[in-house]
Amino acid sequence: MKMCLLSTTPDSPIAAPDLGTDALRTPGRSQATGPVLSVLTALSFSHLLNDAMQSLIPAIYPILKSALHLDFVHVGLITLTNQLTASVLQPFVGFYTDRRPQPFSLAIGMSFTLAGLVLLAFAGNLALVLIAVALVGIGSSVFHPEASRIAHIASGGRLGFAQSFFQVGGNAGSALGPLLAALIVVARGQSAVLWFSLLALLGIAVLIGIGRWYHANLAVFRTAKAALHQHRERPSLTRGRLI
């Protein structure tokens, strides 16, 4: 998968972003005829890994409650911390990356998730658990905005298909996470959370490949977006509109 991502160059017909408008069509240049399936597949798979690790946290509440002698107020604090970092932080990350795209931020975000999982596996008190779930939440908030943008770039103009394909991975991961928690963590205890760090390492490897493709195609996307914006600013006064 990684080799396939790295083999796609900005001048490739499938790599040139098509935002679904004739404004981007320039005579003499090949145009995107469809989505870049290798990139979308890698994005969907990494989305699966990310959301599987996110859904792990609520799945192991009973284990944390028993091992650390927590009450439901403590469990609520864990949920609040995770949701604040995983959800509320996302618009701020998206606002920043809209202005300054970060091709390798996805891998960096997954590194936060990795650190959170390692800490969660050995957390011996509530404070460490809160820090761990905050790190996992930060990883998710960094992942989603840029991943959605890359799905847009790789869509080839088929935005609905690209976004739904990307979303399928996340939904599958949300369903898979609690099942893996039941099979691994329940049987072996809190320290077994460390096994999920292997998923994070796999995700980092995939996202580095995606980041390289994104970096190579970012200039092409900016040019296409600028052309689309310029086209939309030009009023088209047809005879019917004039009348």
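**Exercise A: a serine and its surroundings**

Is Ser 174 buried, exposed or partly exposed? Find its helix and its contacts too.

*Solution.* Start with the cut-offs: buried means under 20% relative accessible area, exposed means over 50%, and partly exposed is in between (1.4 Å probe, protein chains only). Ser 174 is partly exposed because its relative accessible area is 36%. A word on what you are looking at: this is a predicted model, in which local features need pLDDT of at least 70 and side-chain atom pairs count only at pLDDT 80 or more, while totals for chains, interfaces and linings use all residues. Residues are numbered from 1 along each chain as its sequence is written, and side-chain values use heavy atoms, with hydrogens and water left out.

Next, locate the residue: Ser 174 sits in helix 8 (residues 159-188). Helices (H or I, at least four residues) and strands (E, at least two) are DSSP runs, numbered from the N terminus. Now look for contacts, meaning heavy atoms within 4.5 Å. Leaving aside residues up to four places away in sequence, Ser 174 touches Asp 51, Ala 52 and Ser 55. Finally, compare sequence with space: Ser 174 and Asn 50 are 124 residues apart in sequence, yet their C-alpha atoms are 8.8 Å apart.

**Exercise B: the whole chain**

How many helices and strands does the chain have, and what percentage of its residues is buried?

*Solution.* Count the elements: there are 10 helices and 0 strands. Then turn to burial: of the 243 residues in the chain, 47% are buried. Contacts come next, and 82% of those between residues at least 6 apart in sequence join residues at least 24 apart. For the surface, the chain exposes about 12,200 Å², with carbon and sulfur atoms supplying 66% of it. Such areas come from the Shrake-Rupley method with a 1.4 Å probe; for residues, only the protein chains shown count as cover.

**Exercise C: salt bridges**

Which residues are linked in a network of salt bridges?

*Solution.* Recall the rule: a salt bridge is a side-chain nitrogen of Lys or Arg within 4 Å of a carboxyl oxygen of Asp or Glu. A search of the whole structure turns up 2 of them. One joins the side chains of Arg 149 and Asp 98, at 3.1 Å from N to O. This pair links distant parts of the chain, since Arg 149 is in helix 7 (residues 126-153) and Asp 98 is in helix 5, 51 residues apart.

Arg 149 also forms a salt bridge with Glu 146, where the closest N and O atoms are 2.5 Å apart. Both of these residues lie in helix 7, 3 residues apart, or about one turn of the helix. Put together, the network consists of Asp 98, Glu 146 and Arg 149.

Asp 98 is exposed because its relative accessible area is 55%. Arg 149 counts as buried at 13%, and Glu 146 is buried at 0%.

**Exercise D: inside the fold**

Which two residues touch the most other members of the largest nonpolar core?

*Solution.* A nonpolar core is a set of buried Ala, Val, Leu, Ile, Met, Phe, Trp, Tyr and Cys residues joined through side-chain atoms within 4.5 Å. The largest one has 51 residues, and Leu 43 and Ile 60 touch the most other members. Helix 7 gives this core its largest share, 10 residues.

Ser 46 is buried because its relative accessible area is 0%. Beyond four places in sequence, Ser 46 touches Met 110, Phe 143, Leu 207 and Ile 210.

How far does helix 6 reach from its first C-alpha to its last?

*Solution.* The expected span of a helix is 1.5 Å times one less than its number of residues. Helix 6 (residues 105-122) has 18 residues and reaches 26 Å, close to the 26 Å expected. Its buried residues include Leu 106 and Met 110.
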